[in-house]
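Hi,

Here is the structure I said I would pass on.

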Amino acid sequence: MSDKRKGIIKLLRDSVGTPVSGQDIGDKLGISRAMVWKYIKALRKDGYHISSSPRTGYVLATYPDIIDVDELESKTNTRLIGKNIRYYPELISTNNTASEIAPLVPEGTVVIAETQKGGRGRMGTEWQSIKGGIWLSLILKPSIPLESTAKITLVAGIAVTNSLREIGLNANIKWPNDVLVKGKKICGILTEVSAEVEKVDYIVLGIGINANVNVQELRQEIRDYATSISKEKSKTIDRNEFVASLLYEFEQQYIKFKTHHFADIVDEWIALSDTIGKNVKITTPSRIIEGRAVSITEKGSLVVVDSNNKRNEIIAGTCRYNY
Ligand code: BTN
């Protein structure tokens, strides 16, 4: 995008609803009023609703629901996470692209796409990634042993849940990696690791959030179990603002994680959990455990007490509720 266009968008967005004169815009950007007008016409074509009056100037009423990296960067108040953002209108999967570039980019790099053609969920499932969602991957390079990576999923669950709560949604975490609102899935997390022997090289943390997603456009099988932010709020949200808040929330938790304050993370996870206290059926590649979910350990495992009163600690698996 040209710098002038970006500049005009920024000036108009900074004063949504109030007029900015063509002269002011022109002076600030070093272009003529006629040139400003040209840009305004092009922006209107791209879905920006801008009214104009010869006396007062241009007023931005609404803007299209797109991820705008400049806007996102200007709203992101972090030191590490999201200092480098790679935006793509379409990708196969942000996790794939993040894995490809991970060795070459700094920790905290974000890969974000408007849509994914081959979005991936856990256990080899397809993750439908239509327009309006937030499909992003964070590249993390903590020096931790391989077995600590499950904790990152917990960290991400807390961050997403907190940012949903900030916009007034009563979100909870379903172990290990789903975020629910009113019992329906609004977000899924896919943590992928590249490690040598026991030490982690990098982690790609994929987060998929049904933000401004029309649930009716999702596949029939998932429609009944899924929800979206726009559905719950009955309005389209500003995804740039939401992603900025998510990156901030993630960074807060990640700092705790890196400074070995995992006990705080466990407490917070339990407080936000939908799973603790429920009867669950956990499936892992080697076994099925049924019982009551009672806690999370310092290692990030779910503790399930079965009918023989045996305590099972499970680091990874899928979870169903038994009612
Ligand atoms: C799940 O609940 O099964 C996990 C879903 C994870 C989806 C996200 S969207 C961004 C990132 N890229 C992918 O291909 N998958 C993750």
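Helices (H or I, at least four residues) and strands (E, at least two) are DSSP runs, numbered from the N terminus. With that naming, Ser 21 sits in the loop between helix H1 (3–14) and helix H2 (22–29).

Some ground rules before the rest. This is a predicted model, in which local features need pLDDT of at least 70 and side-chain atom pairs count only at pLDDT 80 or more, while totals for chains, interfaces and linings use all residues. Residues are numbered from 1 along each chain as its sequence is written, and side-chain values use heavy atoms, with hydrogens and water left out.

Overall picture

The protein has 10 helices and 14 strands. Its radius of gyration (taken over C-alpha atoms) is 22 Å, close to the 20 Å that the globule rule (2.2 Å times the number of residues to the power 0.38) gives for 323 residues, so the protein is as compact as a globular protein of that length. Along the principal axes, the C-alpha atoms fill a box of roughly 80 × 40 × 35 Å.

Of the 323 residues, 51% count as buried. Here buried means under 20% relative accessible area, exposed means over 50%, and partly exposed is in between (1.4 Å probe, protein chains only). The accessible surface (Shrake-Rupley method, 1.4 Å probe) comes to about 15600 Å², and 50% of that belongs to carbon and sulfur atoms.

On contacts (heavy atoms within 4.5 Å): among those between residues at least 6 apart in sequence, 62% join residues at least 24 apart.

For charges, Lys and Arg count as positive and Asp and Glu as negative, with His and the chain ends not counted. Each charge is placed at NZ of Lys, CZ of Arg, CG of Asp or CD of Glu. That gives 44 positive and 38 negative side chains, and the centres of the two sets lie 4 Å apart.

Cysteines

How many disulfides does the rule give? The count comes to 0, where a disulfide is a pair of cysteine sulfur atoms within 2.5 Å. Cys 187 is in none, and the nearest cysteine sulfur, that of Cys 319, is 16 Å away. Cys 319 is likewise in no disulfide, with the sulfur of Cys 187 as its nearest at 16 Å. Cys 187 counts as buried because its relative accessible area is 0%. Cys 319 is buried too, at 8% relative accessibility.

Backbone spots to check

Trp 175 and Pro 176 are joined by a cis peptide bond, with omega about 0°. Pro 176 belongs to the loop between strand S6 (171–174) and strand S7 (178–181).

- His 260 has phi near 65°. His 260 lies in the loop between helix H9 (239–258) and helix H10 (262–272), and it is exposed, with a relative accessible area of 73%.
- Asn 309 has a phi of about 65°. Asn 309 is in the loop between strand S12 (302–305) and strand S13 (311–314), and at 65% relative accessibility it counts as exposed.

Is Phe 250 buried or exposed? Phe 250 is buried, at 1% relative accessibility. Leaving aside neighbours within four places in sequence, Phe 250 is in contact with Ile 81, Leu 138, Leu 140, Val 155, Ala 156, Ala 159 and Leu 205. Gly 47 is 203 residues from Phe 250 along the chain, and their C-alpha atoms are separated by 31 Å.

Lys 256 is partly exposed, with a relative accessible area of 23%. Not counting residues up to four places away in sequence, Lys 256 touches His 261, Phe 262, Asp 264, Ile 265 and Glu 268. From Lys 256 to Val 155 is 101 residues in sequence and 9.2 Å in space, C-alpha to C-alpha.

Back to Ser 21, which is partly exposed at 22% relative accessible area. Which residues does Ser 21 contact, leaving aside neighbours within four places in sequence? They are Thr 56 and Gly 57. Thr 56 is 35 residues away along the chain, with 5.9 Å between its C-alpha atom and that of Ser 21.

Cheers
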